[in-house]
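Trainee: I would like to learn how to read a protein model, one feature after another. Where do we begin?

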Amino acid sequence: MWKRDASVAAASGGWGVMSPPPLFVPKPKHVVVDSVDIHYLEREASGKEQAPPILLLHALLATKETLTELIAALPADRRIVAIDLLFMHPMDRAKKLDVHQSNLARLVRGFMQSIGLDRPVAIGHSHGGVLALRLAATERGLLRGLVLMCPAHPFGGYRSHVVNFYLRQPGRFLALSIPLAPSWMILRAYNEAAGTKRIRMQHLRPHLRVLRNRNTLRRVLQMLVTWDADMHELRQALAARAIEEPTLLIWGEEDPIVPIASAAELQEHLADSQMVTLPGTGHLLVEEAPEECAGLIREWLGRVDARG
């Protein structure tokens, strides 16, 4: 494990040997998988020689749009797909979506097959990280590699205080009251909860799409209800067999939601991993440090590709 100092990286000419690729605007698309309508963003690869694709999985209270800054800084020669996990809807609106992690992972696998996304590198942030772990743990060879950014996970003895709070009645009441709160108040709460001061209103806007929608808030609360059972299943799967795919862990040093101290036991279940910590950052790395994270990912992808 090592720390990455932004000032050193800037002085040395950037985060990787490659300069950031030009901005390609990802296109919104959707596909139906097992009678579930799934929306996603896709940025096509440039050039004839295309590297393995990337699948992006966002955090719990986020959307696919929260990933656009990260997408813009990732290599242009890779097809990139960002799935919208909270806005999946059964085609029959009278039915409710099963939000157990096992079912969400199953839908992601079906989504990959439906759009021809073959052995991608999965980049998961927070809740997206635990889904990436489950994909790798339950279907070996499905992914080429993993990038886990402050991932939720079942080890280290931690159980997020956020989960604890929102599973109790006061937390549930507060969650469903969020749509009534002014944006400035939500922004302040986001910065405090994530252990950062870097989140600005432009970062918050995609999150407000979730927070001002009572249906998506109820779905998040349903995910938290199944949290312990889901994590127990994943813990058993990882204890039975470590993940062999190369894995990059990126952690905010000040993360209060998934404490960095919990990473050590997670790494015991990753056979081929390396970890980088970003000083002065909290839990929301996608918004706090997208270019820094993309630079680290570019460097790591280059090493993984060189190994064949």
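Mentor: We begin with contact, which means heavy atoms within 4.5 Å. Leaving aside neighbours within four places in sequence, Ile250 is in contact with Val147, Leu148, Met149, Cys150, Val276, Leu278, Leu285, Cys293, Leu296 and Ile297. This is a predicted model, where local features need pLDDT of at least 70 and side-chain atom pairs count only at pLDDT 80 or more, while totals for chains, interfaces and linings use all residues. Residues are numbered from 1 along each chain as its sequence is written, and side-chain values use heavy atoms, with hydrogens and water left out.

Trainee: What does the secondary structure of the protein chain come to?

Mentor: Helices (H or I, at least four residues) and strands (E, at least two) are DSSP runs, numbered from the N terminus. The protein chain has 13 helices and ten strands. Of its contacts with a separation of 6 or more, 78% are between residues 24 or more positions apart.

Trainee: How many residues are in the protein chain, and what percentage of them is buried?

Mentor: Buried means under 20% relative accessible area, exposed over 50%, and partly exposed in between, with a 1.4 Å probe and protein chains only. The protein chain has 308 residues, and 55% of them are buried.

Trainee: Which residues have the most contacts inside the largest nonpolar core?

Mentor: A nonpolar core is a set of buried Ala, Val, Leu, Ile, Met, Phe, Trp, Tyr and Cys residues joined through side-chain atoms within 4.5 Å. The largest one has 100 residues, and Phe111, Ile123 and Ile250 have the most contacts inside it.

Trainee: How do I read empty space?

Mentor: Rolling a probe the size of a water molecule over the atoms shows where empty space is left. On a 1 Å grid over the protein atoms alone, a cavity is a set of points where a 1.4 Å probe fits but cannot get out; a pocket is an open set with protein on both sides within 12 Å along at least five of seven lines; lining residues have an atom within 4 Å of a point. Grid points are joined across faces, edges and corners, and a volume is the space filled by probe spheres set on the points. The whole structure has one cavity of 30 Å³ or more. The largest cavity has a volume of about 40 Å³, and its lining includes His58, Ala62, His125, His207 and Leu284.

Trainee: Where is Ala62, and is it buried or exposed?

Mentor: Ala62 lies in the loop between strand 4 (51-57) and helix 2 (68-73). Ala62 is buried, with a relative accessible area of 2%. Although Ala62 and His207 are 145 residues apart in sequence, their C-alpha atoms are 5.1 Å apart. Beyond four places in sequence, Ala62 touches Leu86, His207 and Val210.

Trainee: Which residues line the second largest pocket?

Mentor: Among them are Leu86, His89, Pro90, Arg93 and Gln222. The space in this pocket is about 330 Å³. Helix 9 gives the largest share of the lining, five residues.

Trainee: What can I learn from phi?

Mentor: Most residues other than glycine have a negative phi, and most peptide bonds are trans. Asp34 is not a glycine, yet has a positive phi of about 50°. Asp34 sits in the loop between strand 2 (27-33) and strand 3 (36-43), and is exposed at 53% relative accessibility. Arg119, not a glycine either, has a positive phi of about 45°. Arg119 is in the loop between helix 3 and strand 7 (121-125), and counts as partly exposed at 37% relative accessibility.
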